[in-house]
Each structure stands twice: as C-alpha cells, then as structure tokens.
Amino acid sequence: MGLVAREIERRGIATICLSSAYSITEAVNPPRAVFVDFPLGHTAGKRGDKPLQRRILIDTLSALDSIQQPGTIRKLPYRWSASDDWKTAPPLTDERQERSSEPQYQYPEDRDAAEGSGATS
C-alpha cells in the first residue's frame, strides 16, 4: 500500500496507512503510517470490539493531520493482550483454501475471457 499511497500523494491527496507489519511498512516507506502491534488480519482491532476499533481509526485519521515528516510511522499504544504470547502462538485462524497450480476462476465467463485472451498458465 505504501507504493500506492506515494502515488496518490504525488497527485495531491493526503494518505495514511494502518499497518500491523512494521518492517514491511518501513520497507515500502509510505508518506505516513500508523502501526498497531496486533496479529496480521486484525489491524483495526479485535472482532466485535467496536470501542477499540473506533479508537484505532480515530487515532489513525488524527495522525493523517499531525504527521508532518514524510515516512513517519507512528506506533499506536494499543496491546492485543496483557502478554505477548500471541506472537509465538499459531495464527488465530486460517480459512484460506489450499494453493493450486491451476488457474482459479469465479465464473465460467472469467475462464472464457482469460483463455480467449491468449493468457497462459
């Protein structure tokens, strides 16, 4: 997202990235970002915890205005739990399908369009 954010900023629109992957965010160097040390996929907070989600989003949008130095990543103070055991535990959930070497299409028309366009697998 940092690459996209930089291009959008180049066109005059302010952006901010919300991230839970500090090293990746640092590597892509978005114009401005906030970091929350939560598990991947839960960047905006815990499922069903609307007050926490709201605070994270308010802090993120506030940082859009207050971060002046390009490339700044502001760490938000929120914690996923009292301990950091979650960092070494298996992922919370993984409902993805197994990878396949065969192309996957949502609709038969998608397959027809891809195969008719000369696309190769």
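In this report, helices (H or I, at least four residues) and strands (E, at least two) are DSSP runs, numbered from the N terminus. The structure is a predicted model.

**Overall form**

The protein chain contains 4 helices and 3 strands. Read from the N terminus, these elements follow the order α-β-α-β-α-β-α. Along the principal axes, the C-alpha atoms fill a box of roughly 50 × 40 × 25 Å. The radius of gyration of the protein chain is 19 Å, whereas a compact globule of 121 residues would have a value near 14 Å.

Of the 121 residues in the protein chain, 26% are buried. The chain exposes about 9,200 Å², and carbon and sulfur atoms supply 51% of that area. Among contacts with a separation of 6 or more, 48% are between residues 24 or more positions apart.

**Salt bridges**

How many salt bridges does a search of the whole structure find? The search finds 7 salt bridges. The table lists some of them, with the distance between nitrogen and oxygen.

| Salt bridge | N to O distance |
|---|---|
| Arg32 and Glu9 | 2.4 Å |
| Arg79 and Asp84 | 3.4 Å |
| Arg111 and Glu115 | 3.2 Å |

Arg32 and Glu9 form a salt bridge in which the closest N and O atoms are 2.4 Å apart. Arg32 belongs to strand β2 and Glu9 to helix α1 (residues 2–10), so this pair ties together parts that are 23 residues apart in sequence. Is Arg32 buried or exposed? Arg32 is buried, because its relative accessible area is 13% and buried means under 20%.

Arg111, at 37% relative accessibility, counts as partly exposed. Glu115 also counts as partly exposed, at 48% relative accessibility.

Elsewhere, salt bridges that share partners join Asp37, Arg79, Asp84 and Lys87 into one network. Within this group, Arg79 forms a salt bridge with Asp84, and the closest N and O atoms are 3.4 Å apart. Asp84 is partly exposed, with a relative accessible area of 38%.

**A loop residue**

Where is Asn29 placed? Asn29 is in the loop between α2 (22–28) and β2 (32–35). Phi of Asn29 is near 50 degrees, which is a positive value in a residue other than glycine. With 39% relative accessibility, Asn29 counts as partly exposed, because that class is the range between buried, under 20%, and exposed, over 50%.

**A nonpolar patch**

Which residues make the nonpolar surface patch of about 410 Å²? The patch is made by Met1, Val4, Ile8 and Ile13. Met1 is in the segment before α1. The relative accessible area of Met1 is 74%, so Met1 is exposed, the cut-off for that class being over 50%.

How values were computed: Residues numbered from 1 in each chain as written. Predicted model: local features only at pLDDT ≥ 70, side-chain atom pairs only at ≥ 80, totals over all residues. Heavy atoms only, no water. Buried < 20%, exposed > 50% of the residue type's maximum accessible area, 1.4 Å probe, protein only. Salt bridge = Lys/Arg side-chain N within 4 Å of Asp/Glu carboxyl O. Patch = residues over 30% accessible without salt bridge, like charges linked within 9 Å, V, L, I, M, F, W, Y side chains within 5 Å. Areas by Shrake-Rupley, 256 points an atom, 1.4 Å probe, with all protein chains shown as cover. Rg over C-alpha atoms; globule rule 2.2 N^0.38 Å. Contact = heavy atoms within 4.5 Å.
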